[in-house]
Amino acid sequence: MAPAEMPAVSILALSKEKLKTRTPDSMVAPLGRTNCGSRLVSTKELSRMWDLPESTLRYWRCAGIGPAYVKLGGRIKYDLVDVEAYVRANKRKPSVRAHGG
């Protein structure tokens with residue numbers, strides 16, 4: 001019986017080893033990378049990268065602002081592709097007034 005045909009209860013009851021053997025290679029990515037090569041980082045890692053408190057990232061998630069995130073097994077992860085897109089979307093040029101011109 002293929003994994004898609006198995007009842008949900010029996011899939012949940014499988015041990016981690018058995019589940020690994022049933023996971024197609026196309027779904028497995030090494031070292032926190034997705035299949036397209038993006039890297040996933042935790043809230044703690046992103047807060048260090050941006051020199052920003054983790055609580056700010058939590059607030060942004062609750063408020064619906066900030067970079068896109070994914071929730072995997074109860075853990076929040078940020079795809080660096082989405083993080084970079086968020087930074088680019090929020091890039092600002094200095095005002096002429098700011099330079100006294």
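Reply:

**The sheet and its surroundings**

From the N terminus on, the elements run α-α-β-α-α-β-β-α. That comes to five helices and three strands, where helices (H or I, at least four residues) and strands (E, at least two) are DSSP runs, numbered from the N terminus. A quick note before we go in: this is a predicted model, so local features need pLDDT of at least 70 and side-chain atom pairs count only at pLDDT 80 or more, while totals for chains, interfaces and linings use all residues. Residues are numbered from 1 along each chain as its sequence is written, and side-chain values use heavy atoms, with hydrogens and water left out.

Let's start with strand 3, residues 75–79. Strand 1 (residues 40–42) pairs with strand 3 in the antiparallel sense, over three bridges; two strands count as paired if DSSP finds at least two bridges between them. Here L40 stands opposite D79 of strand 3. Strand 2 (residues 70–72) also pairs with strand 3, antiparallel and over three bridges, and K71 stands opposite I76. Strands 2 and 3 form a hairpin with two residues between them, and G73 in that turn has a positive phi of about 60°.

Now for what packs here. The largest nonpolar core has seven residues: V41, L46, L57, I76, Y78, L80 and V83. Such a core is a set of buried Ala, Val, Leu, Ile, Met, Phe, Trp, Tyr and Cys residues joined through side-chain atoms within 4.5 Å. Buried means under 20% relative accessible area, exposed over 50%, and partly exposed in between (1.4 Å probe, protein chains only). Strand 3 and helix 5 (80–89) each supply at least two residues of this core. For the chain as a whole, buried residues make up 17% of the 101 residues.

Setting aside neighbours within four places in sequence, Y78 is in contact with a list of residues including V41, L46, L57 and V83, contact meaning heavy atoms within 4.5 Å. R61 and Y69 are also among the contacts of Y78. And R61 itself lies over the face of Y69, at 5.8 Å from the ring centre; the rule asks for NZ of Lys or CZ of Arg within 6 Å of the ring centre and within 35 degrees of the ring normal.

Next, follow helix 5 along to Y86. Y86 counts as partly exposed because its relative accessibility is 23%. W50, W60 and Y86 form one aromatic cluster. Rings of Phe, Tyr and Trp (its six-membered ring) pair if their centres lie within 6.5 Å; planes under 30 degrees apart count as stacked, over 60 as edge-to-face and the rest as tilted. By that rule, the count comes to four aromatic pairs. Leaving aside neighbours within four places in sequence, Y86 touches W50, W60, G66 and P67. Y86 and G66 are 20 residues apart in sequence, yet their C-alpha atoms are 7.3 Å apart in space. V87 is in helix 5 too, and it is partly exposed, with a relative accessible area of 40%.

One last stop is D51, in the loop between helix 3 (43–50) and helix 4 (54–63). D51 has a positive phi of about 50° although it is not a glycine. Most residues other than glycine have a negative phi. D51 counts as exposed because its relative accessibility is 70%.
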